[in-house]
Amino acid sequence: MIKVAKPVYIFGSVLILDYVFSQIYTKPRIYYKKNLPFNFNAQSIPPFGIFISEKEKNNKRLLKHELHHWKEYNKAGAILFYLKYFYQYLMYGYDKMPIEIEARKETKETEFCQENYTECVRTNKSLTVQNDKFRKNENT
Ligand SMILES: [Zn+2]
């Protein structure tokens with residue numbers, strides 16, 4: 001019998017459980033919050049749910065953007081989703097990362113806003129949401 005180290009078993013089991021759970025949890029819980037970190041308008045935090053600013057409660061386009069992220073989570077599980085997300089974040093930055101650009105395409109943002117989302121959200125050019133403090137670490 002091949003001897004495999006215990007941490008490998010543990011990590012493998014966690015990865016599998018995470019993946020199986022992501023296959024079941026296809027309808028995320030939606031939470032409405034007064035404030036989100038860095039003045040984000042919404043955040044998908046699998047496997048916990050989608051967090052949306054109270055101001056954007058009726059914003060269907062923003063919800064569609066977040067549900068696109070949730071679908072990505074359903075394809076991979078939370079662990080691989082976060083690895084991919086943070087890898088892309090470090091490689092490309094928030095505005096240019098492929099995961100975010102895909103979600104912006106889904107909500108029919110212009111090509112300019114797909115790649116310059118922060119500027120578009122701050123200067124009312126985005127179709128999804130307007131917020132002049134977007135990604136700034138200050139209170140509204
Ligand atoms: Zn996004």
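Guide: Helices here are DSSP runs of H or I with at least four residues, strands are runs of E with at least two, and both are numbered from the N terminus. This is a predicted model, where local features need pLDDT of at least 70, side-chain atom pairs count only at pLDDT 80 or more, and totals for chains, interfaces and linings use all residues. Residues are numbered from 1 along each chain as its sequence is written.

Visitor: Is E109 buried or exposed?
Guide: E109 is buried, because 23 other C-beta atoms lie within 10 Å. The cut-offs are 20 or more other C-beta atoms within 10 Å of the residue's own for buried, 12 or fewer for exposed, and partly exposed in between, with C-beta atoms placed from the backbone.

Visitor: What does E109 touch?
Guide: Leaving out residues up to four places away in sequence, E109 touches R104, Q114, S126, L127 and T128. A contact means C-beta atoms, placed from the backbone, within 7 Å.

Visitor: OK, switching to α2. How many residues does α2 have?
Guide: α2 (residues 60–76) has 17 residues and reaches 25 Å from its first C-alpha to its last, close to the 24 Å expected at 1.5 Å a residue. That expected span is 1.5 Å times one less than the number of residues.

Visitor: Which residues of α2 are buried?
Guide: L62, H65, E66, H69 and Y73 are. Looking down the axis of α2, these fall within an arc of 95 degrees, so they line one face of the helix. The arc is taken from the directions from the helix axis to the C-beta atoms. K60 and K75, on the other side of α2, are exposed.

Visitor: And what covers that buried set in α2?
Guide: The cover includes α1 (6–24), β2 (42–45), β3 (49–53), α3 (78–92) and α4 (98–106).

Visitor: At what angle do α2 and α4 pack?
Guide: About 130 degrees, with the axes of α2 and α4 8 Å apart. Axes are lines fitted to C-alpha atoms, for helices over the stretch in contact, and angles run from 0 to 180 degrees between N-to-C directions. α2 and α4 are therefore oblique to each other; under 35 degrees would be roughly parallel, over 145 roughly antiparallel, 65 to 115 roughly perpendicular, and the rest is oblique.

Visitor: Which residues meet there, between α2 and α4?
Guide: K64, H65, H68, H69 and E72 in α2 meet I99, E102, A103 and E106 in α4.

Notes. Contact = placed C-beta atoms within 7 Å.
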